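Reader: I would like a close look at a single part of this model. Please keep the account plain and connected.

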Amino acid sequence: MVRVVVVGGGVNGVGSALAILHRLPECDLTIITQDLTPNTTGDGAAGFWGPYLSFGTPPAKIIQWSQETWKLFSKWYKSDQPMGVSLVYGESICRDPLPLEPWRHLPLAYRQLNYHEYTKHGPEYRSGYSFGSFTAEASKFLPVLLEEVKALGGQVEVGRRLNSLKEAAVNADLVVNCSGLGARHLVPDPDVYPCRGQVMRVRAPWITNYLCDESEESFAYILPNTDTVVLGGTHQDNDWRLEVDPHDSEAIWRNCTAHIPSLKSAEVVKEWVGLRPCRKNGVRLEADELLCNSRTVPVVHNYGHGGSGISLFWGCSQEVATITQQLIHKHYGPPSKL
Ligand SMILES: Cc1cc2nc3c(=O)[nH]c(=O)nc-3n(C[C@H](O)[C@H](O)[C@H](O)COP(=O)(O)OP(=O)(O)OC[C@H]3O[C@@H](n4cnc5c(N)ncnc54)[C@H](O)[C@@H]3O)c2cc1C
């Protein structure tokens with residue numbers, strides 16, 4: 001039986017493990033990870049479908065991966081199992097011109113706002129667009145996916161911090177690397193860096209539409225989830241601080257309540273900081289290999305998703321499964337011989 005080790009238990013690790021088990025039910029798969037839900041990067045994110053902060057990733061790949069993920073969220077939204085998916089409509093506005101997104105044909109009713117629509121937020125606004133999208137909360141869907149991995153025979157080793165990918169390869173025939181920011185040290189890949197994001201969760205059930213202000217001077221987003229509304233945020237490159245910064249809290253509150261003053265009466269439920277796993281050249285999803293005790297072990301990298309990991313994870317997971325299938329066939333023969 002071919003032994004597959006997936007490093008990382010975030011949306012990309014668990015998603016990749018599941019996609020591999022669907023395609024290769026006969027493999028012996030183990031997830032090795034330091035953290036699992038509810039302590040991964042995706043767990044605190046609003047999970048808004050809308051590829052963001054993934055510079056350098058080819059637009060065709062963003063479209064392919066985000067489309068697959070859109071289909072999954074759409075399926076979950078229509079299913080009878082609560083997966084933490086909400087359908088939200090809203091607007092993104094900016095004091096500078098906003099580019100037309102390459103993925104604009106995917107969400108619902110994407111269109112550019114006209115002058116009257118974006119200036120209703122203030123005369124200083126110069127552009128905007130609106131579309132319908134999903135928010136998918138990883139803290140709600142990751143536990144379900146993890147149970148599915150276990151039900152398909154996958155094993156999970158949590159609380160284990162690896163010092164190199166070779167450690168994962170010692171007992172593996174193939175390694176899938178979904179270590180997010182950890183890839184900086186594990187690969188090692190110096191192009192991987194954090195983009196710090198601080199958010200606030202408030203109880204404001206009257207907010208059902210989203211609003212994103214992408215202007216540098218008044219950056220803010222208001223994203224409804226199932227039980228809370230996420231107010232953001234920050235995007236601070238190369239900032240490793242995981243503590244809540246009161247100055248950031250103040251700016252988030254000021255910018256969000258300037259747009260929607262009724263938020264001032266919302267109860268603050270939680271504040272949270274996460275580090276987006278960014279990479280200078282965008283997502284790295286490709287085959288590689290490493291030498292371990294004079295064995296060549298095939299590797300599939302899947303990291304560097306920046307601020308889009310939830311929007312892309314299911315499409316990336318499918319591609320990981322395809323590459324894994326091909327590598328196993330190449331190195332160990334057809335599945336019938338496994
Ligand atoms: C504030 C904020 C808001 C966001 N909002 C959105 C949004 O609205 N929409 C969206 O699409 N995306 C959003 N994102 C981005 C998204 O959350 C990430 O891109 C995504 O969660 C990355 O998932 P991942 O599985 O690649 O990495 P991670 O979730 O970081 O998982 C990496 C895993 O690898 C493990 N690991 C790392 N190093 C080691 C090691 N040495 N040994 C063992 N295990 C290791 C970790 O324990 C972890 O389990 C947001 C992020 C932040 C911070």
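Where is the place of Ser294?

Author: Ser294 sits in the loop between strand 14 and strand 15. The model is a predicted one, and that applies to every value below.

Ser294 is not a glycine, yet its phi is positive, about 60°. Ser294 counts as exposed because 5 C-beta neighbours lie inside 10 Å, and the cut-off for that class is 12 or fewer. Strand 14 and strand 15 form a hairpin with two residues between the strands, and in this hairpin Asn293 takes a positive phi near 50°.

Strand 14 covers residues 284–292 and runs antiparallel to strand 15, with nine bridges joining them. In one of these pairings, Leu290 has Val297 of strand 15 as its bridge partner. Strand 15, residues 295–303, is mostly covered, with seven of its nine residues buried. Strand 15 also pairs with strand 7, residues 174–177, this time in the parallel sense and over three bridges. There, Val176 has Val300 of strand 15 as its bridge partner.

Another positive phi is found at Asn238, which is not a glycine either; the value is about 60°. Asn238 belongs to the loop between strand 12 and helix 8 (246–259). Asn238 counts as exposed because 9 C-beta neighbours lie inside 10 Å.

One joins Gly232 and Gly233, with omega about -5°, and Gly233 lies in the loop between strand 11 (229–232) and strand 12 (236–237). The other runs from Val187 to Pro188, with omega near -10°. Pro188 is located in the loop between helix 7 (183–186) and strand 8.

Of the 39 residues around the ligand, Gly10, Gly180, Gly182, Gly197 and Gly309 come nearest. By class, the shell has 13 nonpolar, 23 polar and three charged residues.

Helix 1 also packs against helix 5 (residues 138–151): their axes come within 10 Å and cross at roughly 35°. The crossing is left-handed. Among the residues that meet are Val14 and Leu18 in helix 1 and Leu142 and Leu145 in helix 5. This contact has ten nonpolar, one polar and one charged residues.

Key
Residues are numbered from 1 along each chain as its sequence is written. This is a predicted model: local features need pLDDT of at least 70, side-chain atom pairs count only at pLDDT 80 or more; totals for chains, interfaces and linings use all residues. A residue is near a molecule or strand if its C-beta atom, placed from the backbone, lies within 6 Å of it. Ala, Val, Leu, Ile, Met, Phe, Trp, Tyr, Cys and Pro count as nonpolar, Asp, Glu, Lys and Arg as charged, and the others, Gly among them, as polar. A residue is buried if 20 or more other C-beta atoms lie within 10 Å of its own, exposed if 12 or fewer, and partly exposed in between; C-beta atoms are placed from the backbone. Helices (H or I, at least four residues) and strands (E, at least two) are DSSP runs, numbered from the N terminus. Two strands pair if DSSP finds at least two bridges between them. Axes are lines fitted to C-alpha atoms, for helices over the stretch in contact, and angles run from 0 to 180 degrees between N-to-C directions. A crossing is left-handed if the near helix is turned anticlockwise from the far one by less than a right angle, and right-handed if clockwise. Two residues are in contact if their C-beta atoms, placed from the backbone, lie within 7 Å.
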